[in-house]
Amino acid sequence: MADANAECNIKVLCRFRPLNQSEIFRGDKFIPIFQGEDTVTFGGKSYVFDQVFPTNTTQEQVYNACAKQIVKDVLGGYNGTIFAYGQTSSGKTHTMEGNLHDPQGMGIIPRIAEDIFEHIFAMDENLEFHIKVSYFEIYMDKIRDLLDGVFYAGNSENTGCTERFVTSPEEVMDVIDEGKANRHVAVTNMNEHSSRSHSIFLINIKQENVETEQKLSGKLYLVDLAGSEKVSKTGAEGAVLDEAKNINKSLSALGNVISALAEGTKSHVPYRDSKMTRILQDSLGGNCRTTMFICCSPSSYNDVETKSTLMFGQRAKTIRNTVSVNLELTKFHR
């Protein structure tokens with residue numbers, strides 16, 4: 001199996017949600033114009049990504065376009081990351097999670113859980129797999145284990161969080177349900193269930209060929225970032241306002257990392273400016289096959305935030321990661 005380094009760009013996908021009821025009631029204008037599979041025009045400017053999903057795209061279409069290949073990559077010994085970025089109420093959680101127990105409405109994470117085990121059951125019977133999952137959030141720039149409620153110091157390599165062995169998609173979903181019940185959410189003017197933290201669901205897959213003793217490992221980070229927000233629109237007060245400040249600060253740190261990488265200044269990339277950027281260090285400019293979803297509102301009411309999101313995605317599209325297989329050589333392969 002190849003262990004040579006290979007460069008690849010971060011894959012950036014753009015998804016627009018439909019106008020929601022409050023936007024329709026307010027009479028907001030629908031701004032985006034979709035041109036082909038990879039281009040959207042917004043406010044008179046065209047933006048090109050690896051793929052653009054218009055408002056009528058199904059959850060299955062999104063998954064097939066963006067995540068199927070990363071599952072194969074991780075089972076082939078690569079690290080992978082899929083994360084969603086955008087303002088609050090732009091469709092990030094719908095894209096990453098969706099309706100967890102609805103075959104049509106479920107998002108990327110539950111589909112990945114099913115896909116991983118489908119692949120494993122079809123693979124060589126000499127392969128032995130050990131699959132562990134962790135679920136944690138970054139809340140007020142602290143790492144909190146969603147499976148036991150404890151805060152950890154943590155870093156990108158070892159968060160210190162609970163790891164659960166899983167042997168079926170159903171067990172993965174049980175862990176997700178347990179963790180989601182502990183997420184920090186709040187009601188704001190923009191969103192009835194606004195995430196007040198960044199959530200990270202980590203799948204760690206180790207495999208060994210019992211005949212050759214060859215070992216491969218791959219980590220898959222599935223990240224639902226909290227949304228950037230303008231306090232004047234969300235009406236945040238008190239503790240929710242403090243949360244918003246922390247969310248915006250960490251997203252600003254992410255923007256600085258993206259800008260530094262896009263400019264090619266890898267000698268100093270400010271990963272240490274936030275917990276979130278430290279955890280995503282390998283995903284951004286490191287050893288990881290990374291797919292970024294930028295989620296957008298089509299409404300004229302959110303035009304400034306949507307333009308900012310689109311520009312963020314364009315910068316990210318220029319970043320190149322150097323990826324290699326996580327292969328443990330044995331006496332048969334030295």
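# Briefing: strands, loops and selected residues

Methionine 140 is found in the loop between strand S8 (127–139) and strand S9 (142–145); helices (H or I, at least four residues) and strands (E, at least two) are DSSP runs, numbered from the N terminus. The model is predicted: local features need pLDDT of at least 70, side-chain atom pairs count only at pLDDT 80 or more, and totals for chains, interfaces and linings use all residues. Residues are numbered from 1 along each chain as its sequence is written, and side-chain values use heavy atoms, with hydrogens and water left out.

- Most residues other than glycine have a negative phi.
- Methionine 140, a residue other than glycine, has a positive phi near 55 degrees.
- The relative accessible area of methionine 140 is 31%, so this residue is partly exposed (buried means under 20% relative accessible area, exposed over 50%, partly exposed in between; 1.4 Å probe, protein chains only).
- Glutamate 213 also has a positive phi, near 65 degrees.
- The loop that holds glutamate 213 runs between strand S14 (198–209) and strand S15 (215–224).
- Glutamate 213 is partly exposed because its relative accessible area is 32%.

**Strand S16 and its parallel partners**

- Strand S16 covers residues 289–296, and seven of its eight residues are buried.
- Strand S2 (residues 11–16) runs parallel to S16 and is joined to it by six bridges; two strands pair if DSSP finds at least two bridges between them.
- Within this pairing, lysine 11 stands opposite threonine 291 in S16.
- Strand S7 (residues 80–85) likewise pairs with S16 in the parallel sense, over six bridges.
- Tyrosine 85 has isoleucine 294 as its bridge partner in S16.

**The S3-S4-S5 sheet**

- Three strands form an open sheet in the order S3-S4-S5, with antiparallel pairing.
- Strand S3 (33–35) and strand S5 (45–48) are the edge strands, each pairing on one side only.
- On average, neighbouring strands of this sheet are turned by 25 degrees against each other, direction ignored; axes are lines fitted to C-alpha atoms, for helices over the stretch in contact, and angles run from 0 to 180 degrees between N-to-C directions.
- Strand S4 (residues 39–42) and S5 are antiparallel and share four bridges.
- Helix H10 (residues 303–316) lies across S4 and S5 and runs at about 40 degrees to S5.

**Serine 299, between S16 and H10**

- Serine 299 sits in the loop between S16 and H10.
- Its relative accessibility is 0%, so serine 299 counts as buried.
- Neighbours within four places in sequence left aside, serine 299 is in contact (heavy atoms within 4.5 Å) with Leu19, Glu23, Arg26, Asp28, Lys29 and Ile31.
- Arginine 17 is 282 residues from serine 299 along the chain, and their C-alpha atoms are separated by 9.6 Å.

**Annotated binding site**

- The UniProt record, an unreviewed entry, lists Gly86, Gln87, Thr88, Ser89, Ser90, Gly91, Lys92 and Thr93 under "binding site"; these positions are given in the numbering used here, feature names are shortened, and annotations may be inferred rather than shown by experiment.
- Threonine 93 lies in helix H4 and is partly exposed, with a relative accessible area of 28%.

**Histidine 198 in strand S14**

- Histidine 198 is placed in strand S14 and, at 2% relative accessibility, counts as buried.
- The side chain of histidine 198 makes a polar contact with the side chain of serine 250 at 2.7 Å; a polar contact is a pair of N or O atoms within 3.5 Å, where within protein one must be able to donate a hydrogen and the other to accept it, and residues adjacent in sequence count only if both atoms are side-chain atoms.
- This side chain of histidine 198 also reaches the backbone nitrogen of alanine 226, at 3.0 Å.
- Beyond its neighbours within four places in sequence, histidine 198 is in contact with residues including Phe136, Ile138, Asp224, Ile247, Leu251 and Met276.

**Alanine 253 in helix H8**

- Helix H8 (residues 238–262) contains alanine 253, which counts as buried at 6% relative accessibility.
- Not counting residues up to four places away in sequence, alanine 253 touches Asp273, Ser274 and Thr277.
- Threonine 277 is 24 residues from alanine 253 along the chain, with 7.1 Å separating their C-alpha atoms.
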